[in-house]
Amino acid sequence: MAWTGPEPDADGWMHRFAASARATEAELTALDQRVGDGDFGTNLSAGVGAALRRADAAPGTDTLEHFAEAFLDEVGGTSGPLFGLLLQAMAGAVGEGGWTVVALADGVGEGLAAIRRVGGAAPGDKTLVDALHPAAESLRDSAADPAGTPGSALAAAAEAGWAGVHRTAGLRARMGRSSYLGDRATGVPDPGAVGVALFFASAGGEVRELAPHLSASGV
């Protein structure tokens, strides 16, 4: 995928993710009210707020690590700690390998593995894994291209994540609160998967509303 904007860095990406989470909080909450506990938007917004406070108090330090710590330590619900595991793995990989496509692919892949170990979810269970798994595969494919850039790789990962979100709308949930709703949750994309796609999409710019991205799901 072609990348037309300036190359993202970790600090800019995390600040845009925070802005995206806040801008779409109401939509995320409404979505989660249909299939979950109704707190995903609030928890995600609270998490990025806590992360920004940590990062802004220590300028020049590892923003990814601050976000990881905030989500692991301060965010409630199920998805908060899982996002923390992803961010923690990414911070470690980028800290060791630098801001490269290979390091990003390694970090996201390690984060996915950690989430699957802790949460037990697999692709097809209608969870955030259904967006994270294709995003991780996309990054792995991008890492095999020596001419690839982080911007192009993250744009492709975002596209793969949104495609995963759309697929969740047609799935019957096998984990979480949605699994108790049976067919009533069919037709609604998984909020955690939406959050993952939002995360990758924010590498390229702030996402101000979800509706255009969810229209293919019929939501």
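F199 is buried, at a relative accessible area of 1%, where buried stands for under 20% relative accessible area, exposed for over 50% and partly exposed for values in between (1.4 Å probe, protein chains only). The structure is a predicted model, in which local features need pLDDT of at least 70 and side-chain atom pairs count only at pLDDT 80 or more, while totals for chains, interfaces and linings use all residues. Residues are numbered from 1 along each chain as its sequence is written, and side-chain values use heavy atoms, with hydrogens and water left out.

F199 belongs to an aromatic cluster that also contains W13, F17, F40, F71, F83, W99 and F200. A pair of aromatic rings is described by the distance of the centres and the angle of the planes. Rings of Phe, Tyr and Trp (its six-membered ring) are taken as paired if their centres lie within 6.5 Å; planes under 30 degrees apart count as stacked, over 60 as edge-to-face and the rest as tilted. Eight aromatic pairs are present in the structure. In one of them, W13 and W99, the ring centres are 6.2 Å apart and the planes stand at 70 degrees, so the pair is edge-to-face. Because W13 lies in helix α1 (residues 10-23) and W99 in the loop between α5 (79-97) and α6 (101-119), this pair ties together parts that are 86 residues apart in sequence. Helices (H or I, at least four residues) and strands (E, at least two) are DSSP runs, numbered from the N terminus. W13 counts as buried at 0% relative accessibility, whereas W99, at 25%, counts as partly exposed.

The rings of F17 and F199 have centres 5.0 Å apart and planes at 85 degrees, so this pair is edge-to-face. F17 is buried, with a relative accessibility of 0%.

V94 is located in helix α5 and counts as buried at 14% relative accessibility. Apart from neighbours within four places in sequence, V94 is in contact (heavy atoms within 4.5 Å) with L64, W99, A103 and L104. The C-alpha atoms of V94 and D62 are 9.9 Å apart in space, and the two residues are 32 residues apart in sequence.

In the loop between α6 and α7 (129-143) lies K126, which is buried, with a relative accessible area of 1%. Most residues other than glycine have a negative phi. The phi of K126 is positive, near 65 degrees.
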